[in-house]
Structure formats: structure tokens, C-alpha cells
Amino acid sequence: MKPRGPSAAGTIALALALALCPLPGHAHLIETGLGPVYDGITHFALTPEDLIPALALAMLAGLRGAEHARRVPFVLPVAWLLGGVAGTLAGAPALVIPAWLPLLALGGLLAADARLPPAATVAIAALLGIALGYANGYAMAQAGPGLRGVVGIAGAVFVVTTLAAACVAARQAGWIRIAWRAAGGWVAASGLLLLGWSLR
Amino acid sequence: MRPSSATRAFTAASLAALAPGAFAHVQSGQAAGFVTGFLHPVSGLDHVLAMAAVGLWGAQLGAPAIWVLPITFPIVMAFGGFLGLLGVPLPGVEVGIAASAILLGTAVMTERRPPLYAAAALVGFFAIFHGHAHATELPPGQSALLYSLGFVVATGCLHAIGIAIGAVRPWPTGRIALRIAGGGVGLAGLFFLWRAFA
């Protein structure tokens with residue numbers, strides 16, 4: 001008899017249990033207790049200033065098709081890692097870009113469905129990764145997790161961008177494509193408001 | 001012997017019940033910022049009606065207005081909020097918000113079909129008032145980014161609700177119901193206008 005896999009109810013219950021069994025997730029460079037790599041993963045997952053631009057770039061790449069979507073999940077984490085290494089070794093918080101800038105730029109490109117060539121998408125991914133990675137690396141070095149924290153962040157960036165780019169690239173029929181663009185508009189609008197807050 | 005799915009579910013539920021407290025994200029204001037921003041547009045009837053009317057009108061006009069209008073509104077609304085945050089004065093904000101409900105409701109009621117650019121310009125013009133009035137009320141200690149994101153997402157959801165309601169348009173009764181709803185939004189706008197001057 002063919003063995004049965006876990007039922008949907010069992011899987012959902014297990015997933016709920018896992019979701020409800022958190023360790024203290026002290027984000028923003030506070031230790032999770034699971035080690036510096038997990039500190040980095042948690043930091044990325046709970047920092048919207050990093051997470052949203054990465055998602056927006058992955059969605060932009062996915063919207064432009066498989067060729068773009070295949071490149072970003074490799075270029076962005078590598079650039080993030082390189083920037084993180086530089087930030088970890090550096091003694092000053094240089095290369096800091098304002099949080100509103102990537103939101104406004106990437107959200108605007110996504111909402112406009114900008115027809116960028118693959119080289120431009122790769123260049124944006126490299127710039128974004130280096131800039132945000134540098135800030136992360138510097139902060140991680142100051143807070144303790146150091147380079148291993150940056151490795152955790154880069155791994156999380158890879159997973160998130162791969163999933164997001166693949167999801168968007170695979171689902172573009174009719175309304176869904178409009179929904180991705182609307183999400184870009186929301187990101188751009190949030191970036192514009194954040195610019196206002198920063199100038200206030 | 002493999003445990004049954006009921007046993008697995010019970011075990012999982014037991015694990016959940018034994019879960020320690022989630023002291024996640026001790027940096028204060030993050031989740032609260034999103035929730036506060038999300039609830040803000042929903043808390044004012046003038047906002048709710050005007051934003052839902054944008055979705056209703058988009059649904060009446062069909063493609064491409066059905067997505068151009070709901071994308072235009074949040075972005076231009078954010079620009080209005082940006083102006084408010086910079087301290088740029090905008091006279092007659094409450095009147096503008098009331099007028100948005102009147103004109104958008106009337107457009108839905110009369111099934112007005114202007115050119116796309118005119119519809120987008122009208123929606124964008126009124127979005128500035130909504131953003132200027134409401135997008136700048138960040139409670140102390142909360143994340144500005146998540147507050148902004150919550151505010152914008154709630155606005156988009158209200159548009160989506162309007163579009164979803166507009167899906168009844170293919171039916172003759174639904175078409176009439178939409179026009180009645182537009183009339184209701186316009187009447188509410190008149191009430192808001194009276195209140196603005198009272």
C-alpha cells in the first residue's frame with residue numbers, strides 16, 4: 001500500500017504550532033539566542049527598510065520575465081554579502097542611503113512597469129545590495145553578530161528574492177499583473193511619505 | 001505504526017499551547033505603526049466613501065481606468081501627505097474632501113465617462129486633499145515607514161472593495177444599485193460639506 005503523506009489538517013496544525021512557538025525575536029541587532037546567522041536572518045525579516053526594497057526589486061525582475069527573475073536572486077545576495085563584508089571591516093557608516101530612496105525608486109519602476117534591460121536590473125540589484133549590505137555589515141559589526149550575521153542576511157535575501165521573483169514571473173495573467181503594479185504604487189507612495197517624514 | 005493525522009494535529013496543537021511568549025521585536029512602534037496607519041483611513045467615513053467611490057467609478061469605466069484610478073489615488077495622496085509633512089498649506093482641505101465625495105459619487109450615479117486623463121486628474125486632485133489631511137498624523141514612537149505603508153495599503157484595500165462591489169455591474173439590478181450607491185456617496189458628501197462650513 002502506498003504510504004500516505006501528512007494530511008492537510010495535520011500540516012496546517014504543525015505549521016501553526018511552529019509559528020506559535022517563537023523564541024524571543026529581538027530584532028534590530030538584538031540576539032535571538034540562536035546564533036549570529038539567525039540574528040542576521042531575523043534582522044532582515046523584521047526590518048522593513050531592507051525587506052521591502054528587496055521584495056520590490058524581486059517583483060520588478062519577476063514582472064520583466066524569467067531572464068530578469070533568474071539574475072536578481074543571485075546578484076542581489078552576492079552584492080549584499082560584499083557590501084556587508086565591506087561594512088563589517090569599515091569603521092565608519094559610509095554608503096548610507098536614505099530609506100525612502102529605494103522605496104520610491106523601485107516602487108515607481110514597478111508601478112510604471114518600466115521596461116528595463118536585464119543589465120539595468122542587474123546594476124540596480126548590485127547597487128542596492130552593496131548599499132544596504134554595507135549598512136547592515138557596519139551595524140552587525142557594532143552590535144556583535146559581525147560577518148556571520150551578514151551571511152545570515154544574505155541567505156535570507158536569496159530565499160526571499162528567489163521566492164518573490166519566481167512567484168511574480170509565474171503569475172502575470174490579467175489582473176494579477178495589475179496587482180503587482182498596484183503593490184509597486186503602494187511601495188512608492190510609502191517612500192514618498194517617508195521622504196516627507198525625513199524632511200519634517 | 002504511523003501516527004494518524006488526528007494525533008499529529010493534537011500534538012501540534014499541544015506544542016502551540018505550550019509555546020513561550022513571543023517577545024518579538026522589542027523596538028517599539030513597528031507593528032503598532034502599521035496597524036495605526038492601516039486603521040486611520042478606515043476610521044473616517046469621508047475617507048472610506050471617497051476611496052470606495054474611486055473603486056466603484058473605476059469598475060464602471062472598465063479597463064484601463066479600473067487600475068489607473070486606484071494606482072493614481074494612493075500615489076498622489078502620498079504626494080498630498082508629503083506636502084502636509086513639509087508644512088505646505090492647503091486651503092479648504094475639509095471642503096476638498098467633501099467635494100471629492102460629492103463629485104465622485106455623482107460620477108458613479110450618472111455613469112459619467114470622461115476621457116481617462118480627465119478621470120485620473122480628477123481623482124488625483126482630490127487625493128491631494130485626503131493625503132494632506134490624514135497621512136501626517138503619526139503617533140509618537142511609531143515607525144513612520146510602517147505607518148505610511150499601513151495607510152497606503154488600507155487606501156488600496158478600500159479601492160479594491162469599491163472595485164469588488166462594482167463587479168455587480170453586469171446585472172441590470174446591479175447597475176442600478178451601483179448608481180444608487182453613487183448617489184448615497186454624493187449625499188454623504190453634501191453632509192460633509194455642510195459640516196465643514198458649520
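A residue counts as buried if 20 or more other C-beta atoms lie within 10 Å of its own, as exposed if 12 or fewer do, and as partly exposed in between; C-beta atoms are placed from the backbone. This is a predicted model: local features need pLDDT of at least 70, side-chain atom pairs count only at pLDDT 80 or more, and totals for chains, interfaces and linings use all residues. Residues are numbered from 1 along each chain as its sequence is written, while chains are lettered from A and ligands numbered from 1 in the order in which they are written. The predictor assigns the complex an ipTM of 0.75 and a pTM of 0.77.

**Helices of chain A**

- Helices (H or I, at least four residues) and strands (E, at least two) are DSSP runs, numbered from the N terminus.
- Helix α2 of chain A covers residues 36-45 and is mostly covered, with 7 of its 10 residues buried.
- Those buried residues are A:Pro36, A:Asp39, A:Gly40, A:Ile41, A:Thr42, A:His43 and A:Phe44.
- They pack against α3 (48-63), α6 (118-143) and α7 (146-170) of chain A.
- Helix α3(A) is largely enclosed by the rest of the structure, because 13 of its 16 residues are buried.
- Just after α3(A), A:Gly65 has a positive phi of about 115°.

**Nonpolar core**

- A nonpolar core is a set of buried Ala, Val, Leu, Ile, Met, Phe, Trp, Tyr and Cys residues joined through C-beta atoms within 7 Å.
- The largest one holds 117 residues; A:Leu57, A:Met59 and B:Ala53 touch the most other members.
- Helix α8 of chain A (residues 175-199) supplies the largest share of this core, 12 residues.
- Two residues are in contact if their C-beta atoms, placed from the backbone, lie within 7 Å.
- Leaving out residues up to four places away in sequence, A:Met59 touches A:Leu110, A:Ala164, A:Val168, A:Trp180, A:Ala183 and A:Gly184.

**Chain B**

- Chain B has 8 helices and 0 strands.
- Of its 198 residues, 48% are buried.
- Among contacts between residues at least 6 apart in sequence, 89% join residues at least 24 apart.

**Confidence in chain B**

- pLDDT is the predictor's confidence in each residue, from 0 to 100.
- Chain B has a mean pLDDT of 81, and 83% of its residues reach 70 or more.
- Residues 13-28 of chain B have pLDDT below 50; beyond near neighbours in sequence, this stretch has 26 contacts in the model.
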